[in-house]
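Let's take a walk through this fold together, one stop after another. Keep the viewer open and turn the model as we go.

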Amino acid sequence: MFRRKLTALDYHDPDRFDCSAASTDETQFRNCIVWLEDQKIRHYKIEDRGNLRNIPSSDWPKAFHQYLQDLNCPFGSEERKEAVDWLLGLAVRYEYGDNVDKYKNCQPLASGNSEKAVDPLVNLDSNSPDFKAGVTALANILKIQRHDDYLVMLKAIRILIQERLSPEAITKANQSKEGVPVSLEKHILGFDTGDATLNEAAQILRLLHIEELRELQTKINEAIVAVQAIIADPKTDHRLGKVGR
């Protein structure tokens, strides 16, 4: 499952790599992690890689767990497949950053059915580690709470991006609203908290709430006008001999 990324990174044996816990070749897995750090990621200084390079040590799992934490990996050492996929993605990103001129002019491989656009979600496997790792990474970046169903997390990510990160939403958020000075003394709170500071805070909250109600009322009025425009414009169907829809 990691063959494509390992091949892109020029790993010496991408076809036989197996990171599953049931794999009999634990040494192969550990060697791959050390290779990624030494050749591609290079997060530690050379002199600080001793624990990770000590492959036969019984403390190697602890060193690997600490390595993931130092990289701010969203997965722990017990989530082996997801962690490896995340490390490979990081390595690919660093590889591209180190060789931008080499890769920027690469052309995509020609497809036999290139005329017809293919929906990338058609063959999406929601149970694959790649999918889970990508969704979890996005959720962590966007600070979305994790959910047992990764499709639910993906839907939440889509909604947030559409509502908060679209060009229109960003433009609207960057538009500064000039407020109108308001004298709190002219607005009666209606109750007394016994503290002047709390009274002022309560007055401000009430004014903000009133402003939100005004915006809501404006939207309601717009909806009513839109509905009335439809109702007040009936269509005549002479074949039926009546007026209306």
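P129 is buried, with a relative accessible area of 15%; buried means under 20% relative accessible area, exposed over 50%, and partly exposed in between, using a 1.4 Å probe and protein chains only. This proline sits in helix α7 (residues 129-142), where helices (H or I, at least four residues) and strands (E, at least two) are DSSP runs, numbered from the N terminus. Look across to K81: 48 residues separate P129 and K81 along the chain, yet their C-alpha atoms are 6.4 Å apart.

A word on what you are looking at: this is a predicted model, in which local features need pLDDT of at least 70 and side-chain atom pairs count only at pLDDT 80 or more, while totals for chains, interfaces and linings use all residues. Residues are numbered from 1 along each chain as its sequence is written, and side-chain values use heavy atoms, with hydrogens and water left out.

Now follow α7 to its partner. Two packed helices are described by the angle between their axes and the distance between the axes. For α7 and helix α8 (residues 150-164), the angle is about 40 degrees and the axes are 10 Å apart. Axes here are lines fitted to C-alpha atoms, for helices over the stretch in contact, and angles run from 0 to 180 degrees between N-to-C directions. The two helices, α7 and α8, are therefore oblique to each other; angles under 35 degrees count as roughly parallel, over 145 as roughly antiparallel, 65 to 115 as roughly perpendicular, and the rest as oblique. The crossing of α7 and α8 is left-handed, a term used if the near helix is turned anticlockwise from the far one by less than a right angle, with right-handed used if clockwise.

Which residues of α7 and α8 make the contact? From α7 come F131, K132, V135, T136, L138, A139 and L142, and from α8 come Y150, L151, M153, L154, I157, L160 and I161, with contact meaning heavy atoms within 4.5 Å. By class, this contact of α7 with α8 has 12 nonpolar, one polar and one charged residues. In this scheme, Ala, Val, Leu, Ile, Met, Phe, Trp, Tyr, Cys and Pro count as nonpolar, Asp, Glu, Lys and Arg as charged, and the others, Gly among them, as polar.

Helices α2 (26-41) and α4 (60-70) pack at an angle of about 40 degrees, with their axes 12 Å apart. That angle makes α2 oblique to α4, and the crossing of α2 and α4 is left-handed. On the α2 side F29, R30, I33, V34, E37 and I41 take part, and they meet W60, P61, F64 and Y67 in α4. By class, the contact of α2 with α4 has eight nonpolar, no polar and two charged residues.

Among the buried residues of α2 are Q28, C32, W35, L36 and K40. The cover over the buried residues of α2 includes α1 (3-8), α3, α4 and α5. Q39, also in helix α2, is partly exposed, at 45% relative accessibility.

What follows α2? The next residue is R42, whose phi is positive, near 55 degrees. Most residues other than glycine have a negative phi. R42 is found in the loop between α2 and α3 (50-53) and, at 40% relative accessibility, counts as partly exposed. N72 also has a positive phi, near 60 degrees, and is a residue other than glycine. N72 lies in the loop between α4 and α5 (80-98) and counts as exposed, at 64% relative accessibility.

Q203 is buried, with a relative accessible area of 14%. Leaving aside neighbours within four places in sequence, Q203 is in contact with L184, H187 and L189.

Finally, zoom out. The protein chain has 10 helices and two strands, following the pattern α-α-α-α-α-α-α-α-α-α-β-β along the sequence. Of its 245 residues, 26% count as buried. Among contacts between residues at least 6 apart in sequence, 41% join residues at least 24 apart.
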